[in-house]
Amino acid sequence: MMYSRIRFSASWSITSVCNYDCLYCYRYRDEKILEVNEAYQIVDRLYELGCRKLSLAGGEPLCWHSKNAVFDLVSHIKSKGMLTELITNGWFLEKGDLDVLKGRLDILTIDVDSLCDQIQFQLGRPVGHIARAKRLHLYAKKLGMKIKMNTVVTSVNFDCIPEMCNYVREAGFYRWKIYQFMPILDFSEKERSLIVDKNAFEALRKEIEHEMENGAVSLVTENNRQMADSYMNINPQGVIHTNRIRNKEQIIKYEIGKVSEVGLEKMFSHFAFDEDKFLRYHQMSNYLFV
Ligand code: SF4
């Protein structure tokens with residue numbers, strides 16, 4: 001395998017700080033903030049490794065240093081020739097910010113788990129989240145950005161997912177990603193009450209695939225097994241990590257090593273990383289976006 005020829009996408013949680021407190025959150029709890037110059041070095045190194053689409057996530061990415069620092073980082077990623085994605089809860093984002101990001105940001109992703117405020121509130125998102133997300137979706141689309149929505153399926157919002165299909169079609173999303181809630185090993189009983197049984201998730205997946213078939217939206221649904229050991233996640237300190245399912249369907253996070261020190265060969269040889277899955281889901285030539 002010629003690792004130097006692989007072109008892939010990666011996701012980087014640039015901060016673990018967040019203004020929301022979602023019940024299902026599995027972000028890193030590390031308050032140390034990476035310096036701006038270190039962040040630029042990580043971007044450069046990821047480019048060298050073959051990364052051609054970099055998603056900035058969190059925590060809430062806009063809690064990293066300042067909005068301008070995040071926007072400048074997006075510009076730097078774009079200037080390397082990579083596709084740029086911002087995965088945000090949208091709370092700190094105004095229309096004027098999207099004007100600034102025009103031409104730098106390729107994909108704006110705002111997570112919405114239900115179109116019902118009460119259900120979102122039960123999951124830990126503030127009232128107003130949906131209205132704000134919708135305003136931003138509309139405006140970003142008007143500016144020519146691709147808009148994407150991530151939805152986590154839990155026991156709380158399970159019944160709300162089918163009624164989201166119309167909105168997804170009408171708002172003009174290029175992609176809708178639906179994930180099965182992932183129970184991390186050290187989650188509390190309350191968090192574990194969000195678990196959706198794998199058969200129920202598969203039935204929902206079929207229903208949504210049927211509802212969305214032949215449409216313009218690229219629908220991606222991922223159960224826990226598909227999500228595990230395939231994502232190249234980078235934590236706020238620039239360390240690559242992945243998730244692996246252990247006995248009783250529990251998920252454990254494994255750190256693989258710093259972006260600055262680990263090459264693809266070492267990443268793929270880690271026991272918690274599945275090279276085939278990574279190439280199937282995250283290699284750019286298999287990627288539906290371009
Ligand atoms: S918005 Fe995202 S990072 Fe923030 S608490 Fe919710 S899931 Fe976690």
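Mentor: Helix α2 covers residues 67-79, and its 13 residues should span 18 Å at 1.5 Å a residue; the end C-alpha atoms are 18 Å apart, which agrees. The expected span is 1.5 Å times one less than the number of residues in the helix. Helices here are DSSP runs of H or I with at least four residues, strands are runs of E with at least two, and both are numbered from the N terminus.

Two notes before going on. Residues are numbered from 1 along each chain as its sequence is written. The model is predicted: local features need pLDDT of at least 70, side-chain atom pairs count only at pLDDT 80 or more, and totals for chains, interfaces and linings use all residues.

Now look at the inward side of α2. Val70, Leu73, Val74 and Ile77 are buried. Seen down the helix axis, the buried residues of α2 fall within an arc of 100°, so they line one face. A residue is buried if 20 or more other C-beta atoms lie within 10 Å of its own, exposed if 12 or fewer, and partly exposed in between; the C-beta atoms are placed from the backbone. The arc is that of the directions from the helix axis to the C-beta atoms. An α-helix has 3.6 residues a turn, so residues three or four places apart point the same way.

Turn to the other face. Asn68 and Ser79 are exposed there, on the face of α2 turned away from its buried side. Just after the helix, Gly81 takes a positive phi of about 95°.

What covers the buried residues of α2? The cover includes α1 (36-49), β2 (51-57), β3 (83-88) and α3 (95-101). Contact here means that the C-beta atoms of two residues, placed from the backbone, lie within 7 Å.

Take α1 next. Helix α1 has 14 residues and reaches 20 Å from its first C-alpha to its last, close to the 20 Å expected at 1.5 Å a residue. Its buried residues are Ala39, Ile42, Val43 and Leu46. They cover an arc of only 100° around the axis, which puts them on the same side of α1. Asn37, Glu38 and Glu48 are exposed on the face of α1 turned away from that buried side. The buried residues of α1 are covered by elements including β1 (8-13), β2 and α2. Just after α1, Gly50 has a positive phi of about 120°.

Now follow the loop between β2 and α2. Gly59 is placed in this loop. The peptide bond from Gly58 to Gly59 is cis, with omega near 20°. His65 also has its place in the loop between β2 and α2. The phi of His65 is near 50°, a positive value in a residue other than glycine. Most residues other than glycine have a negative phi, and most peptide bonds are trans. His65 is partly exposed, with 17 other C-beta atoms within 10 Å.

Last, step back to the whole protein. There are 11 helices and 10 strands. The radius of gyration is 18 Å, close to the 19 Å that the globule rule gives for 290 residues, so the protein is as compact as a globular protein of that length. That radius is taken over C-alpha atoms, and the rule is 2.2 Å times the number of residues to the power 0.38. The C-alpha trace spans about 50 × 45 × 40 Å along its principal axes. Of the 290 residues, 36% count as buried. Among contacts between residues at least 6 apart in sequence, 71% join residues at least 24 apart.
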